[in-house]
Amino acid sequence: MSEIELLDHPSQEIEEINEEELSYWKDAWLRLYANRPALSGLIILTFLALCAMIIPWLSGYTYYETHLELKNSPPSSTFWFGTDELGRDLFTRIWWGARISLFVGVTAALIDMVIGVFYGASAGFIGGKVDDVMMRFSDVLHSLPYLLIVILLMMIMRPGVATILIALTITGWINMARIVRGQILQIKQNDYVAAAWMLGASRWRILLRHLIPNAIGSIITTMTLTIPAAIFAEAFLSFLGLGIQAPIASWGTMASDGLPALRYYPWRLFFPAGFISITMFALNLLGDGLRDAFDPRLRI
Amino acid sequence: MKHASKNTLLEVENLHTSFSTLSKRVAAVRGVSFHLKKGETLGIVGESGSGKSAMAKSLTRLLPPVSARIDQGKVYYKGEDLLLKKEKELCKIRGKEIGMIFQDPMASLNPTMRIGEQIIEGYALHYGATSKNERKQRALDLLKQVGISEPASRFKQYPHELSGGMRQRVMIAIAMISSPSILIADEPTTSLDVTIQTQILELLKEIQQKEGMSIILITHDFSIVAGFCDRIIVMYAGEIVESATVEELFSSPKHPYTKRLLQSIPRLDAPFSQKLYSIEGSAPDLSKEIKGCPFAKRCPYAIDSCYDQRPKSYSISKSHYAACSLFDPHLKKEREKEKECLTPF
């Protein structure tokens, strides 16, 4: 008789499989939710966006209404953020500006992303001569002086949001395309891509299911950096006269208007600059969190 | 087609594959011909850079499209030439008829996809008519079959949550889900430690017996081949230098290269002071054209004609072939003249 007693084998039955399965997106959302800094970034951005939608209707002032006798007045109970050199209420103008700036920033980044990812992924995936031609074309486009393109655009288009978006994205996507191409070139060397080919997967499937998801980290990081850049670029273009025309304002134009008055009426710069900073901060937190959320390897 | 018979599943004829860089063209596979029978396990042995992997990838045209090119040759699978097929037709053969396991299990699973999705992926592609639950059930059965405990919870995990051995098991499950008739295993155990190695090989053997598939095992490790394969092909510099059954190859290797290769395996019973044998010289540069026998420079029996005439494949027995002019009866006299002292056999 042996003294050793065999323990019961753990049940080899296949476990219950009806448990709810998390989709890729739901899973990513849960991971984002668990990431406090990223969540606060998201909350700040949502708050800013909601305010931009609602406050202009509630503030009691309009962005063009002047109070010449009260120009450059400091923040007070009547004008929460003070007034500018024409006595316009800065609080109202900030939230009007938020509409323009956020819209331009996000839309430009999205357009850049769509074009850049499509272009870069195609170039990297197909490779060879096609890749060479595509990337050299983008190099040529990139090497054209930006100001020249903008001035040419000014000749043929009226100033406005659409013109700004075109000016921002006409070369803006190249950066994204280069990054995505580099990533795809690297990722397609991986054995798991060869394994997917070996399963009989089609080109589209490889591209959409195996290559781009693995590049999503860089795509999102690049995108979050594009948004603040677009907000600044919009200010620059408006300054040149291509973008938003007075009396309507964006954060960028308000900041550049406020800069000369910094010494005497600092609030005219501080408020728009402060909002740009908060937005960028929130975007960076969110972008970081999104990258982590979409990449299972970086799971917390 | 000297080997052709009813049982032949795969027949490769005079396959040439080369890789090009900006400055040169490297001929990685230089005229390889072999055949694979139903249910057979074929081992392909060779040192690094001997063209084993390039050859295996050429079979299903899995090589990078820009740099690699299959220059000529024929790959008959069930009588049809795979090299002439369109990409779309090949998609139906890859995975379903011919499966493949890769060398590095750490790199051969997509890090952004769950294990379950990856296993099902191939099955869904080839058996689109099955329901989601059916596929899942099959994947779970298979995970269990390849020896993964708690398949249901593994099913939902990501590759980075699994160990190397488990990932290789998952890879096997992925390759097996559509029950291919040929499984190409490209150094499936190289990056695993010895105990896991044995387990994986046993698992492959077990599955093979159950499913009756053929396996092409690519490795540089003779010890794996010895216990696992029926027949062995030895490759050197992109050519097949010898092919034989396991017994023939280990008991009486014929090609000088094979002999030296076998001699350089460390032995436990060798005296402690004895130095490990190694073949002098190094493998030839494949970017230059090799006229004669690629091993001639390192071969002590080489005669003048070895350098400029490519040796034919000589039959030693029904199943044993060696590509070496030592077995050419016409060259016997010449050989005796040049190298009187050296008579290897």
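Start by selecting B:Ile216, which touches B:Leu36, B:Leu42, B:Ile44, B:Ala56, B:Ile182, B:Ile184 and B:Ala185, leaving aside residues up to four places away in sequence. Touching, or contact, here means C-beta atoms, placed from the backbone, within 7 Å.

This is a predicted model, in which local features need pLDDT of at least 70, side-chain atom pairs count only at pLDDT 80 or more, and totals for chains, interfaces and linings use all residues. Residues are numbered from 1 along each chain as its sequence is written, while chains are lettered from A and ligands numbered from 1 in the order in which they are written.

Next, color chain B by pLDDT (the predictor's confidence in each residue, from 0 to 100): the average is 86, and 96% of the residues score at least 70. For the complex, the predictor gives an ipTM of 0.79 and a pTM of 0.77.

Now show both chains together. The contact takes 23 residues from chain A and 31 residues from chain B. On the chain A side, helices H7 (191–198) and H8 (203–240) each supply at least two residues, and H7(A) gives the most, with six. Helices are DSSP runs (H or I, at least four residues), numbered from the N terminus.

Finally, follow H8(A) along its length. Stop at A:Ile216, where H8(A) bends by about 50 degrees; the bend is the angle between axes fitted to the seven residues ending there and the seven starting there.

Key. Two residues are in contact if their C-beta atoms, placed from the backbone, lie within 7 Å.
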